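I want to look up how charged side chains pair up here, and then turn to the nonpolar cores.

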Amino acid sequence: AGGRAVLYQSADAHKDQTYFLSQLSQSQLAKTLFPLGALPKSDVRRLAHERRLPNRARKDSQGICFLGQLDYDAFLRGHLGERRGEVREFETGEIIGEHRGLWYHTVGQRRGVGPALGPRHVSRGPWYVVRKEMDSNVLFVSREYASADKPRNAFHVDAINWIGGAPPPAGAAGEPTPLRVKVRHGAASHEASVSLLDGGARAHVSLAGRDKGLAPGQFAAFYDGPVCLGSGVISEEGL
């Protein structure tokens, strides 16, 4: 478009990879082709069977596909090792367990929290990760993460990469811009109002609905219709 590369969502919303590609630059995207982008996965399967390709019946990959059969925790352990630290209840500051490394945990998740807690605290759950303090190596957990009284519909985004080289014109003019926002991979997205800060390097995002899985350090990708505009890192500010 106008001599610039544009990243469009694929025809198959469940297989769309633009969330992962949203940090690409113009020079990278200009050299990239997506020959299957206009086809839903069902058509790709059908064509593979018609042409009797050797991988025509292979199951879809799940999670981190390049790991194969390797366990995710084993992958992290092999590359990052372990660094044990305290697990504290967010509301009280009480030490209730010990974690093996902050990289094994994601804000908003409950998976893996139980084994890090002392026996008398596990039954008080479910527990959710609410904060990771890297400097002190402390993992904070709470039983109230998804409480209805927590709005979880607004956050800040830092270090935004705009694929087109600049933010949307309306946003650059200081006006709140209606965009769609994805905060994780998948078909789901939020209608949102995006207010740009620092010339578009940062933004304040207000979602039309709640999202209990907002996690600092993960990416928020911005969409105008089917076009992925870019993405930035969700900040702890405001969460």
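Before the first entry, I note my criterion: a salt bridge is a side-chain nitrogen of Lys or Arg within 4 Å of a carboxyl oxygen of Asp or Glu. I also remind myself that this is a predicted model.

**Entry: Arg202 and Asp158.** I looked up this pair and found a salt bridge, with the closest N and O atoms 2.9 Å apart. Arg202 sits in strand β9 (residues 202-207) and Asp158 in strand β6, so I have a link between distant parts of the chain, 44 residues apart. I checked accessibility too: Arg202 is partly exposed at 22%, and Asp158 is partly exposed at 25%.

**Entry: Lys182 and Asp16.** Here the side chains meet in a salt bridge at 3.6 Å, N to O. Lys182 belongs to strand β7 (residues 177-182), while Asp16 is in the loop between β1 (7-8) and α1 (18-21), so the pair ties together parts 166 residues apart in sequence. Are these two partners buried or exposed? I find Lys182 buried, with a relative accessible area of 2%, and Asp16 buried as well, at 3%.

**Entry: Arg143 and Glu89.** I list another salt bridge, again 3.6 Å from N to O. Arg143 lies in the loop between β5 (138-142) and β6 (154-162), and Glu89 in strand β2 (residues 85-89); the pair therefore ties together parts 54 residues apart in sequence. Arg143 is partly exposed at 34% relative accessibility, whereas Glu89 is buried at 5%.

**Entry: the overall tally.** How many salt bridges does the structure hold? I count 17. I also noted a network of salt bridges that links Asp73, Arg77, Glu82, Arg84, Glu98, Arg100 and Arg111.

**Entry: nonpolar cores.** Next I went to the largest core, which has 19 residues; Phe155, Val157, Val181, Val194, Val205, Leu207 and Phe222 touch the most other members. Elements giving two or more residues to this core are β6, β7, β8 (190-197), β9, β10 (219-224) and β11 (227-234). Which element gives the largest share of this core? I find that β6 does, with four residues.

I then picked Leu207 and listed its contacts, leaving aside neighbours within four places in sequence: Asn153, Phe155, Val181, His190, Glu191, Ala192 and Leu214. Finally, I noted a second, separate core of twelve residues, with Val87, Val107, Leu117 and Val129 among them.

Methods. Residues are numbered from 1 along each chain as its sequence is written. This is a predicted model: local features need pLDDT of at least 70, side-chain atom pairs count only at pLDDT 80 or more; totals for chains, interfaces and linings use all residues. Side-chain values use heavy atoms; hydrogens and water are left out. Buried means under 20% relative accessible area, exposed over 50%, partly exposed in between (1.4 Å probe, protein chains only). A nonpolar core is a set of buried Ala, Val, Leu, Ile, Met, Phe, Trp, Tyr and Cys residues joined through side-chain atoms within 4.5 Å. Contact means heavy atoms within 4.5 Å.
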